[in-house]
Amino acid sequence: MTIWLIIIAAVVALDQATKWLVIAFLDREEPFVIIKGVLRFSYVENTGAAFGSFDEHRWVFLVISTVGIILMLGYLIFFRPESKWACTAISMITGGGIGNMIDRTLYKGTLPHTVGENVVIDFIDFCAFPNIWPWVFNVADSFVCVGAGILMVWCVCSFIAETKAERAKKLEGSALNENEAREDDISKE
């Protein structure tokens with residue numbers, strides 16, 4: 001259990017540290033180019049959820065994300081899934097959710113369109129395909145998305161494994177029934 005809490009704490013710490021660095025050092029007007037035409041750091045104050053969604057209904061997202069974080073923590077603590085992949089994914093999602101929740105409660109906007117509003121600081125700008133991917137995101141968003149991806153793959157793999165096990169059990173059962181039937185036929189002769 002301790003390792004999962006450490007992962008959650010590490011995700012929150014990394015997210016908050018990167019946001020602190022962005023607030024302290026990133027120019028609000030001019031993006032910092034990492035790979036020209038592909039990746040840059042651009043300062044954005046997001047008033048909504050991930051990728052700027054729900055900006056008109058922030059309170060709804062706050063309630064939903066709080067309930068989600070509590071449910072994931074509860075599942076991790078009380079049900080203790082056997083799969084390390086599932087626990088890692090849940091820890092990543094929870095840490096990312098907490099990181100962004102900290103922003104929503106502590107950070108106030110400083111840009112003209114967000115002054116005084118609670119905001120999430122976003123800065124990772126994958127600009128290679130602006131018509132396909134126009135969003136700017138942060139470390140917490142990355143952990144939430146990667147964790148969700150791992151969790152989906154784990155769910156699919158678990159479903160496939162369970163389905164194969166059920167089929168094998170049915171085949172084993174039908175093979176036993178056939179053997180018993182043969183034994184009965186032999187004993188009758």
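This is a predicted model: local features need pLDDT of at least 70, side-chain atom pairs count only at pLDDT 80 or more; totals for chains, interfaces and linings use all residues.
User: Is Ser91 buried or exposed?

Analyst: Buried means under 20% relative accessible area. Ser91 has 0% relative accessibility, so this serine counts as buried.

User: Now the sheet. In what order do the four strands come?

Analyst: Strands of a sheet pair through backbone hydrogen bonds, either parallel or antiparallel. Here the order is S1-S2-S3-S4 in an open sheet, with antiparallel pairing. S1 (32-35) and S4 (136-137) each have a single partner strand, so one side of each lacks a neighbour in the sheet. S1 is joined to S2 (residues 39-46) by three bridges, and Ile35 has Leu39 in S2 as its bridge partner.

User: Which helix packs on the sheet?

Analyst: That is helix H1 (residues 2-25), which touches S2 and S3 and whose direction makes about 85° with that of S3.

User: And which residues make up the largest nonpolar core?

Analyst: There are 11 in all, including Val22, Leu26, Tyr43, Phe123 and Val139. Strand S3 (residues 120-126) gives the most to this core, three residues. Another core, of five residues, lies apart from it, and Trp4, Leu76, Cys87 and Ile90 are among its members.

User: What is Val139 in contact with, leaving aside its neighbours within four places in sequence?

Analyst: Its contacts are Leu14, Asp15, Thr18, Phe123 and Ile124, with those neighbours left aside.

How values were computed:
Residues are numbered from 1 along each chain as its sequence is written. Side-chain values use heavy atoms; hydrogens and water are left out. A nonpolar core is a set of buried Ala, Val, Leu, Ile, Met, Phe, Trp, Tyr and Cys residues joined through side-chain atoms within 4.5 Å. Buried means under 20% relative accessible area, exposed over 50%, partly exposed in between (1.4 Å probe, protein chains only). Helices (H or I, at least four residues) and strands (E, at least two) are DSSP runs, numbered from the N terminus. Contact means heavy atoms within 4.5 Å. Two strands pair if DSSP finds at least two bridges between them. Axes are lines fitted to C-alpha atoms, for helices over the stretch in contact, and angles run from 0 to 180 degrees between N-to-C directions.
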